[in-house]
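Hello,

Here is the structure I promised to hand over. Please open it first, then read my notes below.

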Amino acid sequence: MEPLLGVKIGSMFALLVLTLICGLVPICFKWFRTDRATGRHRLILSLLGCTSAGVFLGAGFMHMTAEALEGIESEIQKLVIQNRTKSKGNSSDDSNSANMEYPYGELVISLGFFFVFFLESLVLQCCPGAAGRSTVQEQEWGVAHGLELHSHGPLPSPSQSPLRALILLLSLSFHSVFEGLAVGLQLTVAATVQLCLAVLAHKGLVVFGVGLRLVKIGTGSRWAMLSILSLALMSPLGLALGLAVFQGDSEGGQGLTQAVLEGVAAGTFLYVTFLEILPRELAGPEAPLAKWGCVAAGFAFMALIALWA
C-alpha cells in the first residue's frame, strides 16, 4: 500500500508540473505571439496552430467522446441489470432491451453541444452590438493582412473568442478532474504508472494548445497564467479525490453522474473545436496542404496515445 501511495503522490506532482510548463511556454515566450509575426515566422505559427487544432480534434474524439460513451453505456447497463433483478417478469425484458439500444451517450454529448450553442446565441442576442462590431473587426483584419476569405468561410467573431475560450477551459477542467480521478482509483503500481504516462502525454499537448489559443485571442498574460494554473490543478484535484474514495465503488448513481458530466464536457469541447479552433486556423489561404498535414499529424498522435490511455 505504501509504494502505491507514493506513486500516486508522485503522479500528482508530475501532472501539476508538466501541465504548468506546457501551458506557460507559449504565454511566456514572445516568439509565439502572432500580432507581430510576419513571413516565415507567421507561417510556422500558423502550422503550429493547425497541429494544436489536430490535437484538440483527437482529444475530443479519441479521448473525451470515447470515454464518455463508454462510461454512459456501462452505467446504463448497470441500471438495466438492477431493474431486471428487481422485476423478474417477462414483460419488462422488451423495454429493457429497447432502453439498451437507445444511443444515450450520443444524446448526452449532443446536449452538451447544443447547450453551449444556446448559451452563445443568448449572449449574442442580449448584446447585439457586439456582433456588429466583430463584423467590422473581421473586415479590418482581412484588409490589414491582405487575406481573402475563401471556401472555409469567415473567421469566428473576436467577441465570441473569450466566451469560447472560457467554455474550452471549463470542459477541459471537467475532463482533467475525471482523468485524475481515474489515476487515483488504480489498484496497482503498474496500472497507475501506465495510466499516468498516457495522461501526461496527451495532456501536455492539449494544454500547450490551450496556451497557444489564449495567446492568439489576445488574452492578457496575467489572466492567461491564472487560466493555465487553474487548469493544471484539476488533474491533481481529481487524483486527490480518487485517493479519498479509494474503494472505487460508485454508489447512489455517482458513476452515472460522472459519465453524464463527461459527456456534456465532450459536447462542449467538440463545439469549441469545430466552431472556433479549426475555422480560425484554416481561414488563411496560405499552404493549405501543409495545414491539412499538421491537423492530421496532431490527430494521429492523439489516436496513437489512445492505445495506452
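Contact here means heavy atoms within 4.5 Å. By that rule, Ser 52 touches Gly 209 and Leu 212, not counting residues up to four places away in sequence.

Two notes on the basis. This is a predicted model, so local features need pLDDT of at least 70 and side-chain atom pairs count only at pLDDT 80 or more, while totals for chains, interfaces and linings use all residues. Residues are numbered from 1 along each chain as its sequence is written, and side-chain values use heavy atoms, with hydrogens and water left out.

Back to Ser 52. Its place is in helix H2, residues 39-86 (helices are DSSP runs of H or I, at least four residues, numbered from the N terminus). Ser 52 is buried, because its relative accessible area is 6% (buried is under 20%, exposed over 50%, partly exposed in between, with a 1.4 Å probe and protein chains only).

Helix H2 also holds Phe 61. The structure has six aromatic pairs (rings of Phe, Tyr and Trp, the last by its six-membered ring, with centres within 6.5 Å; planes under 30 degrees apart are stacked, over 60 edge-to-face, the rest tilted). Phe 61 and Phe 274 have ring centres 5.9 Å apart and planes at 70°, so they pair edge-to-face. Phe 274 sits in helix H10, residues 254-282, so the pair ties together parts 213 residues apart in sequence. Phe 61 is partly exposed at 37%. Phe 274 is partly exposed at 36%.

Last, helix H8, residues 221-232, contains Trp 223. Trp 223 is exposed, at 61% relative accessibility.

Best wishes

How values were computed. Helices (H or I, at least four residues) and strands (E, at least two) are DSSP runs, numbered from the N terminus.
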